[in-house]
Amino acid sequence: MLSRRFILAAGAAALSFPAMAWAQAGGEKKFVLVILRGGLDGLSALAPVGDPDYARVRRQLALDNPLRLDAMYALHPRLVHFQELYQARELLPVHACATAYRERSHFDAQNVLETGAPRPFGRDSGWLNAALAADANARGRERGVALSAQAPLVLRGPAPVATWSPSALPAPSSDTLTRLLSLYERTDPALATALQGAMNANALADEADMSGAGAARAPSALARVAANFLKQADGPTAAVLELTGWDTHTNQTGEQGPLARNLRALDDGLAALKDELGPTWRNTVVLIATEFGRTAAPNGGGGTDHGTAAAAFLAGGAIAGGRVHADWPGLAQSALYEGRDLRPTTDLRALIKGVLADHLRISNAALETTIFPDSGAVRALPGLLRA
Amino acid sequence: MPDLEAAAIAANRFGYGAHPNELRAIAADPRGWLKAQFSRTSPPPPEIAALPAGEDDLLAFGRWIAARRLRNGNGERIERQAERQGVSDEELRMLSTEEDFIRTFRQRAVAAIGARISAAITTDTPARERAVHFWSNHFTVSAAKPAAVALPPSFEREAIRPHVASRFADMLLASTKHPGMLVYLDNWQSIGPNSPMAQRREGRPRAGGFNRPTGLNENLAREILELHTLGVGGGYGQADVQALAAVITGWTYDRPRLREYITDTPGTRSGAELFRFEQAAHEPGAHTLLGRAYAEDGVAQGERALADIAAHPSTARFVATKLARHYIADDPPAAAISRIAARFAASGGDLRETMEAVIDSPEAWTPQLSKFKRPEEYAISALRAANLRELPPGAAAAAIGAMGQRVYAAPGPDGWSDRAESWLSADLVYKRIEFAQTYSERIARADVDAVAIGEQVLGPMFSAESRQAVSRAESPAQALALLFASPEFQRR
């Protein structure tokens with residue numbers, strides 16, 4: 001156990017040692033949740049190019065140069081790392097997937113996505129925290145970490161969690177921090193623990209390889225920080241990243257459009273996470289999910305409006321990937337939900353349950369009650385993980 | 001004998017921290033200084049009084065959202081409204097190109113937050129401001145819900161502020177009738193299943209794929225019982241939630257018409273004046289709530305039910321517990337809760353008398369710093385200590401948001417947590433230190449004496465260790481930063 005002072009004196013360099021030692025030990029299971037806030041256009045991210053109605057319905061939104069996965073599905077051309085992972089059997093795209101929510105409010109939909117309750121505002125804590133609380137193997141003092149100033153709803157609950165976020169304000173000088181830590185240690189242990197935790201977290205964040213990451217808030221930068229939290233000795237089991245800007249009501253197409261930009265950032269973020277996790281990637285599952293999908297057809301502004309089912313992605317060394325999981329509902333007018341949206345055929349909770357059960361070994365009893373309340377009828381999807 | 005310790009407690013535990021040189025004046029009679037701030041009526045601070053009326057906020061928001069929908073090619077609903085209301089395409093184009101509206105709306109939100117913070121910094125009745133903020137957090141209306149984004153400031157000013165030294169029942173009624181609350185907790189969409197409106201809508205096709213609300217929406221009724229009055233375990237069940245939801249069906253507000261967005265008439269009515277009882281949406285009949293029957297009587301049915309809920313013993317206990325948690329300790333002593341609850345009940349829910357019971361609690365005057373300031377309290381007390389009276393608009397709000405508390409945008413209807421564990425996390429403590437350093441650098445000049453400021457605003461609470469750390473700082477800015485980051489400045 002390193003003393004506080006030693007970490008303080010030696011700074012970031014001291015922390016890489018336990019991380020490496022842990023990686024060699026082979027390590028425990030890790031889970032990363034990436035929330036895409038605003039409603040991902042799943043038909044752009046994972047295009048059903050083999051559907052007979054695809055070109056007719058999608059019109060100008062039909063992809064140029066899609067990255068083919070199989071006869072039916074292709075990735076958006078910006079998702080080049082996704083394609084590599086797919087070829088390495090470390091990516092499992094899922095289509096026509098939705099939560100239990102069937103209306104079209106971001107606010108309510110994100111609430112359902114995060115609480116795991118069947119209705120908006122069913123409770124004020126999240127399914128991931130409940131899962132971490134139920135995880136008998138969790139070792140870290142903090143079970144989860146959010147790469148945001150405050151833990152998102154999905155990570156709120158009884159299990160202790162950490163937060164870290166890049167700051168808009170200039171960093172205090174190390175001299176000021178040293179003086180404060182010394183004052184806190186003499187007079188206020190709770191503040192001392194908090195400040196020490198922040199200094200450790202900042203050291204981990206500094207340790208991440210930021211070359212080429214761009215801004216501190218870029219997904220790839222945050223992914224590297226998340227990886228450093230996860231791979232440290234007794235680090236948290238789960239990390240949550242939140243990406244905003246998916247509410248593409250307008251001008252969705254184009255090389256430099258907002259959707260292409262966001263997808264590239266997501267793609268870079270996933271690659272950075274894998275790179276920074278190193279050997280821990282082997283024991284990691286990443287879930288990328290959104291609150292709802294968007295309308296199947298473009299609207300008058302070249303974008304799409306709030307819809308229902310979307311695509312989700314599982315990635316990681318622990319995933320049995322290289323295939324698309326979908327009970328494809330089709331894009332024919334009669335197949336669309338309420339005549340406008342991709343019809344949901346896979347319950348997102350079934351997907352998450354499958355991961356939590358097989359990866360974190362969470363009991364079915366917990367999955368049906370504390371994690372996803374009133375979800376007995378939603379069976380865990382089997383076979384998502386590498387045997 | 002002036003009591004500086006009691007003065008420091010009065011200023012910090014009950015107020016927003018002291019201005020330099022304020023403690024000596026308070027020390028003559030700390031309890032009296034606090035009680036004098038709760039006169040029955042008091043005009044709002046000038047910054048707050050200058051803000052536009054609730055109706056104007058609604059209009060600004062309506063313009064903004066309509067313009068945004070049209071711009072985003074998501075304007076079918078607006079276009080249908082235009083057709084119904086006889087608004088021409090040309091007029092509609094005016095709306096969609098009027099970028100001013102959008103800018104105005106943003107500025108309006110920033111101005112309202114700035115006014116709240118500025119009033120708290122400059123006021124001579126900081127304990128009253130704290131109470132206003134306590135109650136507007138108790139009755140949370142949050143900009144985190146997009147439909148309510150414009151409404152928290154006028155809700156606070158119109159439904160909360162007038163009642164902080166009068167009756168709880170009046171505040172409950174004002175809150176429940178304000179458009180802010182009616183929108184935030186969806187009651188304007190609640191339609192009695194047996195009401196004429198529901199019958200009319202039955203079988204009518206849905207337009208544009210949007211779901212029309214057709215039944216009871218229990219959201220507001222549930223939160224009234226759970227968060228505003230009785231509290232969890234306060235003796236109500238699901239049937240009571242449904243009964244309350246039924247008796248307040250038809251409680252809605254005058255929604256602005258599209259034409260008003262375009263003609264740009266300023267809205268002058270307060271939120272309270274916008275309340276409307278819509279008989280057609282009201283669920284007819286008698287309902288039994290908490291064992292009492294309420295006969296059909298239009299809006300009076302719900303008013304009577306709310307008056308009885310406000311007078312319920314569980315409400316006294318729930319409100320007393322929240323007050324004691326806010327002013328005394330995260331886990332407040334049972335004796336203090338009982339005394340405050342008894343005074344609340346005996347006075348018929350008189351909030352001035354209830355506040356006096358909190359002030360008279362001996363548990364509130366112990367020198368242990370039992371509370372960790374929330375980010376907004378923390379920032380305001382630092383700015384008061386520095387005697388910084390003017391801030392660039394938006395700067396303080398951004399800083400407080402970075403410390404984890406977005407003003408007027410609590411994550412849920414239960415408002416901001418009043419427990420240290422929610423705020424004393426690594427990341428949030430670090431961001432407080434960043435705030436302390438950033439503002440100290442902005443404020444500190446060579447002649448700023450941080451030790452003297454510490455003595456002036458913390459009095460005997462300024463510990464020997466902190467005083468030593470501040471006095472040994474390498475620069476005036478670092479000294480001030482250490483003062484603001486010291487434990488006794490972050491706690492109260």
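Me: How many residues does the contact take from chain A and from chain B?
Reply: The model is a predicted one. Both chains contribute to the contact. The count is 40 residues from chain A and 34 residues from chain B.

Me: Which element gives the largest share of the side of chain A that touches chain B?
Reply: The elements of chain A that give two or more residues to this side are strand 7 (161-163), helix 8 (174-187) and helix 9 (189-207). The largest share amounts to eight residues. The element that supplies this share is helix 8 of chain A.

Me: How is helix 9 of chain A oriented to helix 24 of chain B?
Reply: The axes of helix 9 of chain A and helix 24 (residues 426-443) of chain B come within 8 Å. They cross at roughly 90°, and angles of 65 to 115 degrees count as roughly perpendicular. Helix 9 of chain A is therefore, relative to helix 24 of chain B, roughly perpendicular.

Me: Which residues of helix 24 of chain B meet helix 9 of chain A?
Reply: Helix 9 of chain A brings Leu191(A), Ala194(A), Leu195(A), Gly197(A), Ala198(A) and Ala201(A). The residues of this contact divide into eight nonpolar, one polar and one charged. On helix 24 of chain B, the residues are Ala426(B), Asp427(B), Val429(B) and Tyr430(B).

Me: Which strands stand at the edges of the open sheet of chain A, and why is one side of each left without a neighbour?
Reply: The eight strands have the order 7-6-8-1-9-10-5-11, with mixed pairing. One side of each edge strand lacks a neighbour in the sheet because each has a single partner strand. The edge strands of chain A are strand 7 and strand 11 (346-347).

Notes
Residues are numbered from 1 along each chain as its sequence is written. Chains are lettered from A and ligands numbered from 1 in the order in which they are written. This is a predicted model: local features need pLDDT of at least 70, side-chain atom pairs count only at pLDDT 80 or more; totals for chains, interfaces and linings use all residues. Two residues are in contact if their C-beta atoms, placed from the backbone, lie within 7 Å. Helices (H or I, at least four residues) and strands (E, at least two) are DSSP runs, numbered from the N terminus. Axes are lines fitted to C-alpha atoms, for helices over the stretch in contact, and angles run from 0 to 180 degrees between N-to-C directions. Angles under 35 degrees count as roughly parallel, over 145 as roughly antiparallel, 65 to 115 as roughly perpendicular and the rest as oblique. Ala, Val, Leu, Ile, Met, Phe, Trp, Tyr, Cys and Pro count as nonpolar, Asp, Glu, Lys and Arg as charged, and the others, Gly among them, as polar. Two strands pair if DSSP finds at least two bridges between them.
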